[in-house]
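Here's a quick briefing to read with the model open beside you. Take a look at the structure first, then work through the notes.

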Amino acid sequence: MKMKWAKTFWVYLLVTAMIGVLSACGQSDNTNTASGNTGNAGNTEQKQVVLSFMTTWSESDPFTGVYYKNAMAFEKANPDIKLDIETIPYNDYPVKLNTTAAGGNLPDLILMIGGGSMFEQIARSGALMPIDDMMGNWKEDFLPSSKIKEFNVDGKQYGIPGEVSYTTVIYYNKKILKDAGYTEFPTTYEAFKAMVKDLKAKNITPISYGNKTGSVLLASLLSPLNERISGPDLYAKIKSGEQKFTDPDFMNALKDIKELSDMGAFNVDLNSIDNVQATNLFLSGKSAMYIDGSWGAKQISKDKAADFEVGFAVFPQIEGGKGSMSTMPGATNQGVVLNAKLDDAKKAAAEKFLQFMYSEESYQNIMRAGNMVPANVTAPTDIDPLFKEMTGVLAGVKGITPVYDIVMPATVVTATKNGLQGLTTPGGSTPEAVAEDLQKELGQ
Amino acid sequence: MQMFLRHKWIIAAGLIPALVIYTMFSIYPILSSVYYSFFKWDGFSPKQWHGLQNYVNLIGDGVFWQSIRNNLYFVLFSVLGEIPLGLYLAMMLNGKLFRRDGIFRTVFFMPVVISTIVVSLIWNMFYNYQFGLVNTALRAVGLDHWAQNWLGNPAIAIFVLCIVVVWQYTGLYMVIFLAALQNVPSEVLEAAELDGAVGIKRTWHIVVPIIADTIFASVVLCISGALRAFDLIFIMTNGGPSHSTEVGATYMFSQTFSSMKYGYGSAISTAIIIISFGLIIISQFILRTLKR
């Protein structure tokens with residue numbers, strides 16, 4: 001009896017030990033690849049440097065596919081460097097980035113979707129490597145420093161953006177507007193509102209938005225309204241305390257949103273669907289307009305029916321406002337930054353990677369995919385005609401105002417997203433309550 | 001048995017691996033989260049001692065209480081929906097009509113097996129305002145004014161989500177009850193029938209008391225499950241519009257990871273633990289009184 005027990009016990013112990021050994025093996029394997037065999041004396045073959053890379057880029061994504069393909073081209077051209085890519089979905093990326101950075105577990109290369117408070121916080125914590133010593137690779141007349149300043153913190157450059165985007169472009173269905181009697185898109189806000197009212201009276205949903213995540217109304221309605229009413233520097237003034245959320249400038253923008261919502265300007269389910277679904281509403285002719293950033297053009301161009309005619313418009317002028325139609329809220333995006341802990345071999349590989357990813361050829365690919373770029377490159381001849389038309393309409397826009405999420409702390413951004421959802425929900429919040437909430441959040 | 005007592009170290013050796021893992025991944029994070037709740041911390045800059053301020057803010061935070069109220073709706077719907085429905089289905093399947101048909105058992109259990117992400121996406125499509133099944137069906141029978149934005153209307157969104165939860169988990173309790181029902185001795189049922197107890201009477205006075213222990217255990221499972229609710233809401237509405245479908249766990253998540261208030265988020269999770277403990281103790285107390 002005792003023998004049998006002892007035997008069972010030893011078998012159990014053996015199994016446990018085996019599991020331990022197996023999992024340990026797996027682990028050491030991983031660390032080997034992660035450290036990329038650098039400085040291994042016994043290794044006589046040519047060393048391959050492995051760079052771990054956290055990103056949202058994926059091959060089939062209409063928004064980032066081109067970056068993925070550029071990265072693949074880099075790997076092909078540099079067989080001695082391997083990218084170990086971890087792809088995170090766009091919506092989950094900020095959380096993932098924030099937690100890995102807070103935990104000190106950042107990979108070698110990290111995508112920054114944009115500049116802004118989170119990026120600046122990570123950079124100031126010392127987790128990222130400044131690339132000032134590499135900036136000689138890019139001449140000022142190719143990549144003007146004014147276009148890359150969102151990736152500059154306290155005078156140190158950390159990355160280079162791949163594209164420039166405006167957060168508000170009005171896409172409209174030419175046929176619907178023509179049938180309703182509008183051949184020209186209104187250039188004043190009053191005329192725009194009158195058109196919205198008119199469309200609504202004709203039983204057409206005027207504007208579709210996909211605000212489930214809360215970020216669309218912030219970027220593509222509140223931001224342009226703020227710019228048109230108060231000029232380009234309202235957020236900076238509010239942040240510094242010179243103005244308040246509860247002051248008339250900001251309040252008027254909130255009231256305008258509430259007014260639009262009350263007159264039925266938006267699709268009823270704007271806060272329950274995402275921007276892909278909202279684009280589909282627009283493309284299936286269920287709404288006259290769709291408002292989103294300039295990135296929205298990609299899905300429209302890809303999914304629209306052949307005979308669907310899209311028009312592009314700049315957010316209209318508000319009478320008596322301090323802003324103008326030649327300015328637009330916008331941001332620079334898709335910059336790859338480096339982990340501060342890279343050793344020399346990895347740093348050299350990373351420099352090669354940046355040189356490749358932000359070269360004239362790569363930028364031209366990015367333009368072909370329907371993006372505006374921060375660099376001065378000759379436009380390729382084979383770009384999407386729809387995109388070309390959009391850049392033509394946007395050509396009059398000269399200045400970029402920093403967007404809300406770049407300027408405001410994360411807690412205020414979250415509160416604003418919720419406040420805007422409340423404003424546009426039946427029985428939701430009042431502009432006054434939202435503004436007070438935000439002021440309280442900023443003060444904390 | 002004697003073997004066990006003489007070799008306590010064998011038992012200990014068997015328990016230690018599980019205990020170590022449990023401590024590392026469950027106890028330690030809970031304790032450190034309690035510790036963080038006393039700080040003001042954004043995850044990067046040094047922590048600032050904040051005393052009980054996070055908890056003071058929490059008590060004055062309307063959204064937090066709304067999220068707890070939504071949690072309570074979830075508990076109510078789960079306990080009063082999943083358990084009676086599960087019991088009903090189990091009795092149906094245990095009855096003469098369906099007893100031999102395994103197919104129904106599979107059908108009702110299916111939602112439990114499907115991943116929550118899939119469940120959420122399917123129901124999101126059902127509830128879609130423009131193209132969704134629910135609204136299309138209502139419009140087809142001429143009830144156009146009943147068609148509405150199910151997930152976007154703050155007055156009803158949380159109840160609409162409750163329906164999904166009930167749909168998802170009823171099957172689980174059905175299987176548990178089915179197992180319990182099959183252990184009810186047939187002699188007892190036959191004797192009851194001879195004495196004239198049939199239908200509802202037999203169910204209420206004979207069957208339910210026999211499987212009472214199973215029902216009580218299910219209630220506890222149900223409550224803790226409803227308090228933990230996160231994934232379904234996170235995918236279907238993300239707590240919106242404007243916090244109307246926020247539950248404790250989603251609010252904790254958005255405060256911690258979107259607003260980067262690690263200290264406040266930790267305070268929320270600590271409060272959730274305390275409230276959950278309270279609810280479980282209350283429910284145990286009620287059930288024990290009922291038992292007597």
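A contact here means heavy atoms within 4.5 Å of each other. With that in hand, look at A:Phe353: leaving out residues up to four places away in sequence, A:Phe353 touches A:Phe53, A:Ala71, A:Phe74, A:Leu83, A:Leu109 and A:Val336. Bear in mind that this is a predicted model, where local features need pLDDT of at least 70, side-chain atom pairs count only at pLDDT 80 or more, and totals for chains, interfaces and linings use all residues. Residues are numbered from 1 along each chain as its sequence is written, chains are lettered from A and ligands numbered from 1 in the order in which they are written, and side-chain values use heavy atoms, with hydrogens and water left out.

**Nonpolar cores**

- A nonpolar core is a set of buried Ala, Val, Leu, Ile, Met, Phe, Trp, Tyr and Cys residues joined through side-chain atoms within 4.5 Å; buried means under 20% relative accessible area, exposed over 50%, and partly exposed in between (1.4 Å probe, protein chains only).
- A:Phe353 turns up again in the largest core, which has 63 residues; along with A:Leu128 and A:Tyr363, it has the most contacts inside that core.
- Apart from that core lies another, of 54 residues, including A:Ile170, A:Leu234, A:Val413 and A:Val434.
- As background, nonpolar side chains tend to be buried together in soluble globular proteins.

**The S9-S10-S8-S11 sheet of chain A**

- Helices (H or I, at least four residues) and strands (E, at least two) are DSSP runs numbered from the N terminus, and two strands pair if DSSP finds at least two bridges between them.
- Four strands of chain A make an open sheet in the order S9-S10-S8-S11, with mixed pairing.
- S9 (205–208) and S11 (310–313) of chain A sit at the edges with a single partner strand each, so one side of each has no neighbour in the sheet.
- S8 (169–173) and S11 of chain A pair in the antiparallel sense over four bridges, and A:Tyr172 has A:Gly311 in S11(A) as its bridge partner.
- For angles, axes are lines fitted to C-alpha atoms (for helices, over the stretch in contact), and values run from 0 to 180 degrees between N-to-C directions.
- Helix H10 (275–283) of chain A lies across S8, S9, S10 (287–292) and S11 of chain A, at about 150 degrees to S10(A).
- Helix H11 (296–303) of chain A lies across S8, S10 and S11 of chain A, at about 25 degrees to S8(A).

**Strand S3 of chain A**

- S3 (109–114) of chain A is mostly covered, with six of its six residues buried.
- S3(A) pairs with S1 (49–55) of chain A in the parallel sense over two bridges, where A:Met54 stands opposite A:Ile110.
- S3(A) also pairs with S12 (327–339) of chain A, in the antiparallel sense over five bridges; there A:Ile110 stands opposite A:Val337.

**Cysteines**

- B:Cys162 is buried at 1% relative accessibility, and B:Cys222 is buried at 3%.

**Chain B overall**

- Chain B has 14 helices and two strands, and buried residues make up 43% of its 292 residues.
- Its C-alpha atoms fill a box of roughly 75 × 75 × 35 Å along the principal axes.
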